[in-house]
Amino acid sequence: MHSKQRERTVPIPATITPVPGYPRKLSVFKIAASKFWQVRCWVAGRTHRRSTQTQSLRMAQSYARTFYEQLLAQSASLPPSVTNKLEDVQHTPRTVKPQHTFAALAAQMMANEQARVDRGEFSAGSFKVLRNRLDAHILPRWGTMPASAVDHAQLLSFTQYLSKSFSTITVSQYLVAVRKVLTMAVAVDTLHKLPEFPKIKVQTNSRGAFTPTEYWRIMRTARQLQNTRHPDSDTALRKNFRLRAAENTMPPDVAWCIGFMVNSFIRPSDLKTLKHRHVEVVRNDNTYLRLNLPKTKSHTKPIVTLQPAVRIYQQMCKHYSATDLTKPDDYLFLPHLQDRHYAHWVLAFYFNWVLAKTGLKLGAHGQERSLYSLRHSSITFRLLYGQGIDLLTLARNARTSVDMINQHYASTVTGEQNIGMLQSRRSRQLPAS
């Protein structure tokens, strides 16, 4: 009986898979007693094992990298006497100390970044992106190497490799992640100074805003497709787009989402977090919504909307009141979906269907459009049609900066679009009698 129990926890030989870019002592595998991948590695004189709680090999390997780095960071923080005893148990001298490897330094850097997230100095989304970049290309390349091995030649080769697949801004952001790790190496005296980094000229391509004519086209199309079943089969939608059969028809929320974003300046990420408790209808000399959204990109000030957003909000409340989904903690868009990442995916999927139907997926200069283009349109329309609006007021209400508006949101505004303003003349002042 005991033999059978042991067999159920022994790694299945055919499933033992190493983690690319890491020592072979780190591997993932499956056992008969669990449907999840397991991780195993040898650190500080003993074997560490843990369930990854996932059936995806890719996710299991990502978990294994984080698990290994945390063990190295813990090992590096042990007193020297304890570390020496552990090495005596292994009877194998280490050629490179764990605290000197690139992966261990990355683990210490990520621990510091997590503390910044906890203090509210760094967003959880940015932390996740940094984690993904380390796992995708940086740690598989340098994880087992000492930090001193990452010199200018290595960085130049890495830049050339990334440039084959990514834009200049993505390459630049990868180098920022590498710099964070090497800066940690300098801080702990593992590295004398930072190597010279390749110079990257970042070329930004702003997401294309819609013209007023295009905006009304996508709005009419979204309304026409409301409650229309997608032409693909349920199997194809599930396999290709991760869409469940329950969401195979376009919800009315898509048209509401289009109108609401253009009249409220919010980001697409706000669609999945916006609740009724965040919305206040204000009626005085002006009618608008006051949106007290959760903190985004270090901005906490409320957003005030244009008047059409009030009408859209009332339509949504009337529709969902029949199913009692208008309570303060209910979400505005697709409130019946508790998985908010999936709810956002549904809105984005059907918005892309609307763009495909109208032929407006690409802008005039070939840039791809997405839900974010509605935010660009919102800000651009205010620049074009708002009377006497100043950039500072617009930037603060949209939770962004004046520089961002100049560089990105207003990049599509041309002189011809404000030809009346350009050709205007001051009225002549008559001399006093």
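In strand S4, threonine 47 is the bridge partner of tryptophan 42. The structure is a predicted model, in which local features need pLDDT of at least 70, side-chain atom pairs count only at pLDDT 80 or more, and totals for chains, interfaces and linings use all residues. Residues are numbered from 1 along each chain as its sequence is written, and side-chain values use heavy atoms, with hydrogens and water left out. Helices (H or I, at least four residues) and strands (E, at least two) are DSSP runs, numbered from the N terminus.

**The four-stranded sheet**

- Strand S3 (residues 38-43) and S4 are paired antiparallel over six bridges; two strands pair if DSSP finds at least two bridges between them.
- S3 and S4 belong to an open sheet of four strands with antiparallel pairing, in the order S1-S2-S3-S4.
- S1 and S4 are the edge strands of this sheet, each pairing on one side only.
- Strands of a sheet pair through backbone hydrogen bonds, either parallel or antiparallel.

- Serine 51 lies in strand S4.
- The side chains of serine 51 and glutamine 53 are joined by a polar contact of 3.0 Å. A polar contact is a pair of N or O atoms within 3.5 Å; within protein, one must be able to donate a hydrogen and the other to accept it, and residues adjacent in sequence count only if both atoms are side-chain atoms.
- Not counting residues up to four places away in sequence, serine 51 touches Phe36, Trp37, Gln38 and Tyr63, where contact means heavy atoms within 4.5 Å.
- Threonine 54 sits in the loop between strand S4 (46-51) and helix H2 (57-76).
- Threonine 54 counts as buried because its relative accessibility is 16%. Buried means under 20% relative accessible area, exposed over 50%, and partly exposed in between (1.4 Å probe, protein chains only).
- From threonine 54, the side chain reaches the backbone nitrogen of serine 56 at 3.1 Å.
- Leaving aside neighbours within four places in sequence, threonine 54 is in contact with Phe36, Trp37, Met59 and Ala60.

**Proline 11**

- Proline 11 is in the loop between helix H1 (2-9) and strand S1 (17-18).
- With 15% relative accessibility, proline 11 counts as buried.
- Residues up to four places away in sequence aside, proline 11 touches Ile16, Phe29, Lys30, Ile31 and Arg40.
- Between proline 11 and tryptophan 37 there are 10.0 Å in space, C-alpha to C-alpha, and the two are 26 residues apart in sequence.

- Strand S5 (residues 279-283) and strand S6 (residues 287-291) run antiparallel and are joined by five bridges.
- S5 and S6 form a hairpin, with three residues between them.
- Valine 279 stands opposite leucine 291 of S6.
- S6 is also joined to strand S7 (residues 303-304) by two bridges, and S6 and S7 run antiparallel.
- Leucine 291 has isoleucine 303 as its bridge partner in S7.

**Helix packing on H7**

- Helix H5 (residues 124-142) and helix H7 (residues 168-187) have axes that come within 10 Å and cross at roughly 75°. Axes are lines fitted to C-alpha atoms, for helices over the stretch in contact, and angles run from 0 to 180 degrees between N-to-C directions.
- H5 and H7 are therefore roughly perpendicular to each other. Angles under 35 degrees count as roughly parallel, over 145 as roughly antiparallel, 65 to 115 as roughly perpendicular and the rest as oblique.
- On the H5 side the contact includes Leu130, Arg133 and Trp142, and on the H7 side it includes Gln173, Tyr174 and Lys180.
- By class, the H5 contact with H7 has nine nonpolar, two polar and two charged residues. Ala, Val, Leu, Ile, Met, Phe, Trp, Tyr, Cys and Pro count as nonpolar, Asp, Glu, Lys and Arg as charged, and the others, Gly among them, as polar.
- The axes of helix H4 (residues 102-119) and H7 come within 9 Å and cross at roughly 100°, which makes H4 roughly perpendicular to H7.
- Residues in the H4 contact with H7 include Phe102, Glu113 and Arg116 of H4 and Leu182, Met184 and Ala185 of H7.
- This contact of H4 with H7 has 10 nonpolar, two polar and three charged residues.

**Helix packing of H10 and H12**

- Helix H10 (residues 253-262) packs against helix H12 (residues 340-358) at an angle of about 85°, with their axes 10 Å apart.
- H10 and H12 are therefore roughly perpendicular to each other.
- Asp253, Val254 and Ile258 of H10 meet Leu347, Tyr350, Phe351 and Val354 of H12.
- The contact of H10 with H12 has six nonpolar, no polar and one charged residues.
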